[in-house]
Amino acid sequence: MAAMGAMAAMGALPVGAGALPPLPTLGVPGVPELKPLTRYEAMRLGPGWSHSCHAMLYAPNPGMLFGRIPLRYAVLMQMRFDGLLGFPGGFVDRRYWSLEDGLNRVLGLGLGCVRLTEADYLCSHLTEGPHRVVAHFYARQLTLEELHTIEISAVHSRDHGLEVMGMVRVPLYTQKDRMGGLPNFLGNSFIGTAKFQLLFALKILNMVPEEKLAEAVAATQKPKKPAIDQAAGATGNPHAAKQGNELMAAAKAGNELADRAEQQAAAEAAEQAVAGLEGQAVAEQLVAVPAEQPVGLGADAVAEQPMAEPME
């Protein structure tokens, strides 16, 4: 790794000194490529460019999950304040800091006890989007004990619980269901170039075979199966999978019948409500019509009748 970092740091050579081999690319289907450039080229970019520096800390891990799944490596990432996954690091103001000095300053706030050097430099890429940012990436291999010490120290750092919610380890294995482990982890949301940098480092440092990376990425792009199908598939029992599908179909049919009954009941209630409103309207009309008075002589009529003359 140190040789690779030194080669990348050299960048473009003077004319006549020979040419460096092409910079490595990710080459994983489904992951957009970022334009690589050497450290030398990155340092020659104009003042309109911003520089971000992030680091991947990792350690060989001989552990076995459930006593049968090799862990191979422990790789640290962070859960950020915005709910996105990323690597420790941040932006570096090139007016005041070198890349490594700026990176170590940020790492001190989030981790507290690690310093990287130019020998840990891994790669630089131009980011996509409206902002002109070149992303520098570093990688440092530690022992598992050193990595664990950093995890403990991170809990007591200044940024813990504020900008950093906590450290997480990346699962590098894939379980039998083709989703558990790395595929599910890659299905999370990452900040900026973090997902690309993770896959790039895993490939370049030979931590995960390239075909396994491609399979993990492809698995995240497939539609997810219902939970009952996943449980049956995990047991490896096709009969259980068939029973699960039958239960799903029966449950769906039962839901449809319940929906129909509910709709019918609602329609009947609506009809009853309309009938009640119509009856109420008729009654109100009957009350509103005044009763006709019988034909006869009222008090006024009696008063207006001429008085009969007395008989002589």
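Visitor: Which residues is S157 in contact with, leaving aside its neighbours within four places in sequence?

Guide: This is a predicted model, in which local features need pLDDT of at least 70, side-chain atom pairs count only at pLDDT 80 or more, and totals for chains, interfaces and linings use all residues. Residues are numbered from 1 along each chain as its sequence is written, and side-chain values use heavy atoms, without hydrogens and water. S157 belongs to the loop between α4 (144-155) and β8 (164-169). Its contacts (heavy atoms within 4.5 Å) beyond four places are L109, G110 and L111.

Visitor: Is S157 buried or exposed?

Guide: Buried means under 20% relative accessible area, exposed over 50%, and partly exposed in between, with a 1.4 Å probe and protein chains only. Because its relative accessible area is 13%, S157 is buried.

Visitor: Which residue has its backbone oxygen 2.8 Å from a polar atom of the S157 side chain?

Guide: The distance runs from a side-chain polar atom of S157 to a backbone oxygen. At 2.8 Å, that oxygen belongs to A154.

Visitor: Which residues touch the most other members of the largest nonpolar core?

Guide: A nonpolar core is a set of buried Ala, Val, Leu, Ile, Met, Phe, Trp, Tyr and Cys residues joined through side-chain atoms within 4.5 Å. Of the 34 residues in the largest one, those touching the most other members are M56, M77 and L198.

Definitions and conventions. Helix = DSSP H or I, 4+ residues; strand = E, 2+ residues; numbered from the N terminus. Polar contact = N/O pair within 3.5 Å; in protein donor to acceptor, adjacent residues only side chain to side chain.
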